[in-house]
Amino acid sequence: MAKARDKLTGRSYNLFSILYSRFFYLVKLIHNKFKNYYELKKSIVLNGNSKIGIHHKTLLNLTNSKIVVNNGSLKVGIDFGYFDGGIYDSKKDRCKIYMINSTLEIHGNVSLFPGAVIYAINATVIIRNNTKINGEVEIISLKKIDIGEDCLFAQGIIIRDNDGHKMQSGSNAGNEMEEVKIGNHCWIGQRAMILKGVTLSDNTIVGAGAVVAGSFPSNVAIAGIPAKIIKENVSWQA
């Protein structure tokens, strides 16, 4: 009978041992696939005539968490995303959704392009109708991030409602968390960063590479570090 040899130990295995091992590996693989499927099914709520499409390479961890789609569709890692003439491809740029005790609420039709990341612990992330989130965008929430309708997020943006680590200031120490609110029809430029406590009103344009630490009124363009108003009474079209 043919034998296989372990290169590290020199131990030989007969054909029966190899087939026996592969069989139980296959059983375990199938069991895990079905387990993940049923756990994922329990974690997704489709209200109204809603749909969800998740690319099979998307990395999902929904621990005591839910994705709720209200009267629309959520596409995760399915569409192509564009940046500077390049393309994010679902075959190699995987979306990642990691949530613990959290909820991702989708209102209407939303697309997370390949490579987008949502990370939430004890938090709520809301994304509204016709908003498109490009590759390498990171949404990091420990409290609440609310994103409006018809927004366009370019590649590499970071949005976070927390400091990430505890900081000491006098006798006070803590990881401060403040809600982030982004209004309707906002255009966030490539690699911009939006920090805790920020409110962007409707029709705000954020320049590429800006660091937004304050709140701004409607119909303005902001840029710089820290971001400041550079134009007023602006508008934009996708």
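Residues are numbered from 1 along each chain as its sequence is written, and side-chain values use heavy atoms, with hydrogens and water left out.

Back to Thr204: it sits in the loop between strand S23 (199-200) and strand S24 (205-206). Helices (H or I, at least four residues) and strands (E, at least two) are DSSP runs, numbered from the N terminus. Thr204 counts as buried because its relative accessibility is 0%; buried means under 20% relative accessible area, exposed over 50%, and partly exposed in between (1.4 Å probe, protein chains only). Its side chain also reaches the backbone oxygen of Ser201 at 2.7 Å.

His185 has a positive phi of about 55° although it is not a glycine, and with a relative accessible area of 21% it is partly exposed. Asn130 has a positive phi too, near 65°, and is also not a glycine. Asn130 is found in the loop between strand S12 (124-128) and strand S13 (131-133), and its relative accessible area of 33% makes it partly exposed.

How many aromatic pairs does a search of the whole structure find? It finds two, where rings of Phe, Tyr and Trp (its six-membered ring) pair if their centres lie within 6.5 Å, and planes under 30 degrees apart count as stacked, over 60 as edge-to-face and the rest as tilted. Tyr98 and Tyr119 are stacked, because their ring centres are 5.3 Å apart and their planes are at 5°. Tyr98 belongs to strand S9 and Tyr119 to strand S11 (residues 117-121), so this pair ties together parts that are 21 residues apart in sequence. The Trp187 and Trp236 pair is tilted, at 5.5 Å centre to centre and 40° between the planes. Here Trp187 is in strand S21 (residues 187-188) and Trp236 is in the segment after strand S27 (228-232), 49 residues apart.

| Residue | Relative accessibility | Class |
|---|---|---|
| Tyr98 | 33% | partly exposed |
| Tyr119 | 31% | partly exposed |
| Trp187 | 35% | partly exposed |
| Trp236 | 8% | buried |

**Strands and sheet**

The chain's secondary structure comes to one helix and 27 strands. Seven of the strands form an open sheet with parallel pairing, in the order S5-S9-S11-S14-S17-S22-S25. Strand S5 (59-63) and strand S25 (211-212) are at the edges with a single partner strand each, so one side of each has no neighbour in the sheet. S5 pairs in the parallel sense with strand S9 (residues 96-100) over five bridges, and two strands pair if DSSP finds at least two bridges between them. Thr63 stands opposite Ile100 in S9.

What about strand S6 (residues 66-76)? Eight of its eleven residues are buried, so S6 is largely enclosed by the rest of the structure. S6 runs parallel to strand S3 (residues 44-47), joined by four bridges, with Val69 in S6 as the bridge partner of Leu46. Strand S4 (residues 51-54) also pairs with S6 in the parallel sense over four bridges, and there Leu74 in S6 is the bridge partner of Ile52. With strand S10 (residues 103-112), S6 pairs in the parallel sense over nine bridges, and Asn70 stands opposite His107 in S10.

**The chain as a whole**

Of the chain's 238 residues, 37% count as buried. Among contacts between residues at least 6 apart in sequence, 29% join residues at least 24 apart. One backbone detail to flag: the peptide bond from Ile225 to Pro226 is cis, with omega near -5°, and Pro226 is in the loop between strand S26 (220-223) and S27.

As for confidence, the chain's mean pLDDT (the predictor's confidence in each residue, from 0 to 100) is 84, and 78% of its residues reach 70 or more. Over residues 5-10 the pLDDT is below 50, and this stretch has five contacts in the model beyond near neighbours in sequence. Where pLDDT is low, the predicted coordinates should not be read in detail.

Key:
Predicted model: local features only at pLDDT ≥ 70, side-chain atom pairs only at ≥ 80, totals over all residues. Polar contact = N/O pair within 3.5 Å; in protein donor to acceptor, adjacent residues only side chain to side chain. Contact = heavy atoms within 4.5 Å.
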